[in-house]
Amino acid sequence: MFWRKHIINCKPALPATEMVKRTRIVVIDDEKTTFPFEVLQQQGYSIDYWPDVKDIAKLEKGFYDIIILDIGGIGRELDATNEGIAVLKHLKKLNPAQVIVAFSGQSYESAKIPFFQLADQYVPKPTPAITWKEIIDDLIKTRITVEHYWATMRQALKDAGANEKAIKGIEDSLVKAAEGGRVNLSRAIQKIAGPIENATTIAAIGAKIIALCGL
Amino acid sequence: MEDPLLVFCPYPTIHSDGSLMDGINVPQSKYCREKCRTYECLKFKPGDKEKTPVFYTCAKGFSVVVVKIEESLIRINGVIEVSTNKASKIFKKEQISRKLKPPELERWLNAFSAIRPEYERYVDEKAKEAVHALHDIKSLIGSVLTTAEQCISEQKGKTIDEKIEASPPHIQTIYHSCEILQSLLQITDILTNPAVAQYGTPWAFSVHGVILKLIKIHENKALLQNKKLTLRGHSINKVSLYNSFIIIPHILLDNAIKHSDRDTEIRVWMEDKDNGEIKIDFSSFGSLVPETERDFIFQRGVRGSNVRAKGSGLGLYIAQLVAKANGFEISYRAKPTGILGDKGYNHFIFTVPASAPAHVYKPPVCTATLSTRSVYG
């Protein structure tokens, strides 16, 4: 019987310290002083700081592996009422594989509960560096993985109406790309699964998988 | 501004039964709260189908009425004059000015139903104001914490833990104080919105590490009262818990320090079970919770008559709420010494399940395309 290689078998075994360095993190918070940048950067984490959502397209394209998002005081220009919640909702709707941590000192409003629950993790303000380190390490271990991205990509393909055969075909393309082959993932998805609505998003998740495997 | 509930109800003995989210929290009568202590009225619950007020008379002879307004149960204790009310003379004397007859009750309930949306809006507004004020406090504590951490980061050591250990004592004190304040703020978050206990995703916790860290944080406070904090047993199991879990050991340690006798030992004992669970026991020596009160100490606003230190009666309630959110329950056990009257060891025991809470990771659903601009136009 013909042996098919699965994408989850392509993952490289990178040491945790290397994953820490390579994971791109952005903190979006109007108050810079509530996040322990210096301590975590000293521990080897790659963390950028934005005082507000300054480039939504960059977030949409999945440039950052982990987005640490304040809920109040950011994103007002985009949605004055819902602020960070609107950013969280938008990004998760667009790309469910995007890892987002809701970092907030305002958890009171019950109307916002469903949106807080969209986040991969919730961290109350203030939180010490040592706890942040544990939380980020856990996210890297459980979310910045081929398994997580592939599970989300599979689900997105299913939701878009792709059948099992098409999903297998797309997985084969991913494996080929992960092993260094030249593959235009977006085009491959359209070719195998037909014209599907979320092709660009799905390709963006696929690109994350290829990037992880190529590490 | 006067509380609208009190304006409409001259009998401030309403105790709301249910979650904190129903927005009503007017305490029971002082007599019920401080002198009765049988908590019999709290056991009384009408059937689910009851729509009209249900009357009940407790052993002390006080009447209780429970009424369901929309989805909330509202319990009015001890002031209803109905035919079954055989209240004692002492009680009648104490409560004489607060008697409420059935027709008045009906009028009050109608009035309350009518103002309820307005009342809830008012409570919501007040809570938001308090939360905004708290936000500024959180930011300030965050700044102090970050500054302390910057000082810590300059110390010798590879890991953050090593750097903390190498820091001067005054920096460690500031750092640990900020951590205690942070836990207290987390408690207020849960008090204002219990759903916070299940925010985020459960993640692999080293419970031993968390408790060891908390013991270090609380150590100084205990030493000031000549009390010693010790951790016995060991645990290497990692269990899946929400971030909120840390509040439980914080509350239990804080309570033990507050309510135990001077010159005693507060002991945390841990043991891994073969099935991956972790059994934890917080014990301290002091006055035991009286037998009649043991079933109620986890209820909101209930304080054991054995405690003398000031408190709100919310700590154990919140600890239990967080425990349930994490898939387990805390139980209380008293171990009398037999020679010191009501003194003995108070034990708060819980078993953290290996996979608490049952959390099956499901990939989220993708429902929009990259070109969607629904939010940003």
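Contact here means heavy atoms within 4.5 Å. The model is predicted: local features need pLDDT of at least 70, side-chain atom pairs count only at pLDDT 80 or more, and totals for chains, interfaces and linings use all residues. Residues are numbered from 1 along each chain as its sequence is written, and side-chain values use heavy atoms, with hydrogens and water left out.

**Exercise 1. Describe how domain 1 of chain A meets domain 2 of chain A.**

Step 1. Domain bounds, which come from an automatic or database domain assignment, are 24–142 for domain 1 and 146–213 for domain 2 of chain A. The C-alpha centres of these two domains are 26 Å apart.

Step 2. Ten residues of domain 1 of chain A touch six residues of domain 2 of chain A. The buried area (accessible area, 1.4 Å probe, that two parts lose on being put together, summed over both) is about 650 Å², 54% of it on carbon and sulfur atoms.

Step 3. A salt bridge needs a side-chain nitrogen of Lys or Arg within 4 Å of a carboxyl oxygen of Asp or Glu. One is found across this domain interface. In chain A, the side chains of A:Lys208 and A:Asp65 form a salt bridge at 2.9 Å, N to O.

**Exercise 2. Describe the interface of chain B and chain A.**

Step 1. In this interface, 54 residues of chain B contact 55 residues of chain A. About 5,200 Å² is buried between the two chains, and carbon and sulfur atoms give 59% of that area.

Step 2. Helices (H or I, at least four residues) and strands (E, at least two) are DSSP runs, numbered from the N terminus. On the side of chain B that touches chain A, two or more residues come from each of helix 5 (102–153), helix 6 (160–166), helix 7 (169–192) and strand 5 (203–206) of chain B. Helix 5 of chain B gives the most, with 16 residues.

**Exercise 3. Classify the ring pair of A:Trp50 and A:Tyr64.**

Step 1. Rings of Phe, Tyr and Trp (its six-membered ring) pair if their centres lie within 6.5 Å; planes under 30 degrees apart count as stacked, over 60 as edge-to-face and the rest as tilted. Over all chains, the structure holds 17 aromatic pairs.

Step 2. The ring centres of A:Trp50 and A:Tyr64 are 5.7 Å apart and the planes stand at 85°, so the pair is edge-to-face.

Step 3. A:Trp50 is in strand 2 (residues 46–50) of chain A and A:Tyr64 in the loop between helix 3 (56–60) and strand 3 (66–70) of chain A, so the pair ties together parts 14 residues apart in sequence.

Definitions and conventions. Chains are lettered from A and ligands numbered from 1 in the order in which they are written.
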